Amino acid sequence: MKSLYLRKDMEASDSRIAIMKENPEIVLSEVGDESSVLVKIKACALSTTDVQTIQELNLASSDIAIGRAIAGIVKDVGNCVTSFKPGDEVVALLPLDSQFSGCAELCTVNEFDLIMKPKRVEFDEAVACLYEGVRAYTALQIQARMCAGETLLVIDGATPNGSTLIQLAQNWGAKVIATVNSQEEKLFLETFKPPLIDNVFRSFHCGC
């Protein structure tokens with residue numbers, strides 16, 4: 001089984017190279033975790049934040065697993081898994097201490113790190129919004145405890161994080177004002193349904 005990892009270049013302290021490793025085929029009975037799910041990976045998203053965080057937490061080994069956001073199809077499940085079955089289409093964020101690379105043919109994921117992928121969402125679309133989706137959900141629901149009817153100001157609303165915040169907030173019944181940096185971004189946000197309240201203001205750092 002092929003997997004992609006990031007290896008530090010010993011001759012240049014700040015340089016890293018991607019390597020392809022040939023790992024043994026994964027057999028759930030040999031993993032030792034009966035809550036594990038074996039996933040055949042169909043799409044994976046990359047993020048430099050993963051590498052930075054792993055190093056800050058001193059979790060890095062000589063080879064760092066690449067790709068934490070994955071989407072794929074369940075191939076096998078452990079004896080204690082109750083929420084998933086072979087053939088299910090799933091999405092996951094691999095834990096930072098996972099030794100499995102998301103850029104691989106297969107990987108194992110704990111049952112509680114998986115969610116079902118909506119049927120109408122493609123695999124690549126699911127992983128593309130996973131990082132921003134989790135970040136936006138955490139900000140609005142857990143940190144801000146936003147409620148329907150409240151007004152939310154989103155700075156740089158046309159960015160991936162900003163547009164995700166806007167859509168989640170509107171879906172939960174909030175009123176949204178956003179800032180933009182250009183006329184193109186303003187036109188982009190004006191396509192949102194329902195529309196943002198009042199006007200979309202230009203960001204104070206747009207220089208125009």
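This is a predicted model: local features need pLDDT of at least 70, side-chain atom pairs count only at pLDDT 80 or more; totals for chains, interfaces and linings use all residues.
Me: Why are H4 and H5 called oblique to each other?
Reply: H4 (residues 130–143) and H5 (residues 160–171) pack at about 55°, with axes 9 Å apart. The axes are lines fitted to C-alpha atoms over the stretch in contact, with angles from 0 to 180 degrees between N-to-C directions. Angles under 35 degrees are roughly parallel, 65 to 115 roughly perpendicular, over 145 roughly antiparallel, and the rest oblique. H4 and H5 are therefore oblique.

Me: Which residues of H5 meet H4?
Reply: Pro160, Asn161, Thr164, Leu165, Leu168 and Ala169 do, against H4 residues including Arg135 and Tyr137; contact means heavy atoms within 4.5 Å.

Me: How do you know that Thr164 is buried?
Reply: Its relative accessibility is 17%, and buried means under 20% (exposed is over 50%, partly exposed in between; 1.4 Å probe, protein chains only). Thr164 therefore counts as buried. Leaving out residues up to four places away in sequence, Thr164 touches Glu132, Gly133 and Ala136. Of the chain's 208 residues, 40% count as buried.

Me: What limits apply to these values?
Reply: Local features need pLDDT of at least 70 and side-chain atom pairs 80 or more, while totals for chains, interfaces and linings use all residues. Residues are numbered from 1 along each chain as its sequence is written, and side-chain values use heavy atoms, without hydrogens and water.

Conventions: Helices (H or I, at least four residues) and strands (E, at least two) are DSSP runs, numbered from the N terminus.
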